Amino acid sequence: MKKSFFIIVVFILSMGLRAEIFGSAGTLKPGVMMFGVEPQINIKPTDVMGYFHFGVGIIEKMDLNFKLGLGSADTYFGGDLEYQFIKSDAVDLSLSFGTHYQGSAFLDITPILTHRFKSFALSSGPKFNWQISNGRYLSMSWFAGVSVPIYRNVELLADAGIKIRGNYSWISGGIATYF
C-alpha cells in the first residue's frame with residue numbers, strides 16, 4: 001500500500017512541472033562522465049534556451065555537474081555538486097548544491113527524490129535559488145521529470161517545473177550519454 005501511494009504521488013507531481021533539473025537523484029559512479037543536450041521553453045516570460053550538460057562522478061555517491069545555456073534569455077552557466085543520501089533498489093534521494101549566473105549570481109539547493117521502475121524513472125522535488133548579486137531574492141519552484149533508457153549508455157529525459165515564488169515555469173526534454 002505504501003509503495004502504491006508513493007508511486008501515485010510521484011506520478012501526479014511529475015505531470016506538468018519544471019526542467020532545469022537534468023537527470024535524477026542517482027549520481028555518477030567515480031570516473032563515469034555524462035554529456036547531455038536539452039532544449040527548454042520558459043513560460044512567462046517566454047524564452048527558448050538550449051542547454052549543454054557535462055557531469056563526472058568524483059567519489060562514490062557524489063558527482064560534479066556543469067551547465068551552459070544559450071538562447072533568447074541571458075546566457076546561463078553554472079555548476080553543482082550532488083550527493084546521494086539514499087540508494088535502494090527502487091528509490092534514490094540526493095541533494096544538489098551549486099551556483100549559477102544568468103544576469104545575476106545565484107546559489108542553488110535542490111533535494112531530488114527518484115523512483116525507478118523497470119523501464120523508466122520518475123524524479124521530483126523543490127528547487128531553491130538565492131539571488132546573491134544585484135539585490136537579494138529567494139525564488140522557488142517545484143520540478144518533476146522522467147528518464148527513459150533507450151540504449152546501453154543513452155537516455156531520454158523530460159522535465160517540467162512550476163514556479164512557486166519568482167522565477168518562471170518551464171518544460172524541457174533532452175538526451176544524455178554516459179561514458
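Visitor: What makes a residue buried, exposed or partly exposed?
Guide: Buried means under 20% relative accessible area, exposed means over 50%, and partly exposed lies in between (1.4 Å probe, protein chains only). Gly-125 has 3% relative accessibility, so Gly-125 counts as buried.

Visitor: What kind of model is this?
Guide: This is a predicted model, where local features need pLDDT of at least 70, side-chain atom pairs count only at pLDDT 80 or more, and totals for chains, interfaces and linings use all residues. Residues are numbered from 1 along each chain as its sequence is written, and side-chain values use heavy atoms, with hydrogens and water left out.

Visitor: What is the mean pLDDT of the protein?
Guide: The mean is 88, and 88% of the residues reach 70 or more. pLDDT is the predictor's confidence in each residue, from 0 to 100. Over residues 5-20 it stays under 50.

Visitor: Where is Gly-125, and which residues is it in contact with beyond four places in sequence?
Guide: Gly-125 is in strand 7, residues 121-131. Strands are DSSP runs of E, at least two residues, numbered from the N terminus. Its contacts (heavy atoms within 4.5 Å) are Pro-111, Ser-141, Trp-142 and Phe-143. The C-alpha atoms of Gly-125 and Phe-143 are 5.6 Å apart.

Visitor: Why is the pair of Tyr-51 and Tyr-76 called edge-to-face?
Guide: Rings of Phe, Tyr and Trp (its six-membered ring) pair if their centres lie within 6.5 Å; planes under 30 degrees apart are stacked, over 60 edge-to-face, the rest tilted. Here the centres are 5.5 Å apart and the planes stand at 90 degrees, so the pair is edge-to-face. Tyr-51 lies in strand 2 and Tyr-76 in strand 4, so the pair ties together parts 25 residues apart in sequence. Both tyrosines are buried.

Visitor: What makes the pair of Phe-128 and Trp-130 stacked?
Guide: The planes are 20 degrees apart, with 6.1 Å centre to centre. Phe-128 has 23% relative accessibility, so it counts as partly exposed. Trp-130, at 33%, is therefore partly exposed too.

Visitor: How do you know that the charged end of Lys-67 sits over the ring of Tyr-51?
Guide: The rule asks for NZ of Lys or CZ of Arg within 6 Å of the ring centre and within 35 degrees of the ring normal. Lys-67 is 4.2 Å from the centre of Tyr-51. Lys-67 also lies over the face of Tyr-76, at 4.7 Å.

Visitor: How many residues has the largest nonpolar core?
Guide: It has 9, including Tyr-51, Tyr-76 and Phe-143. Such a core is a set of buried Ala, Val, Leu, Ile, Met, Phe, Trp, Tyr and Cys residues joined through side-chain atoms within 4.5 Å.
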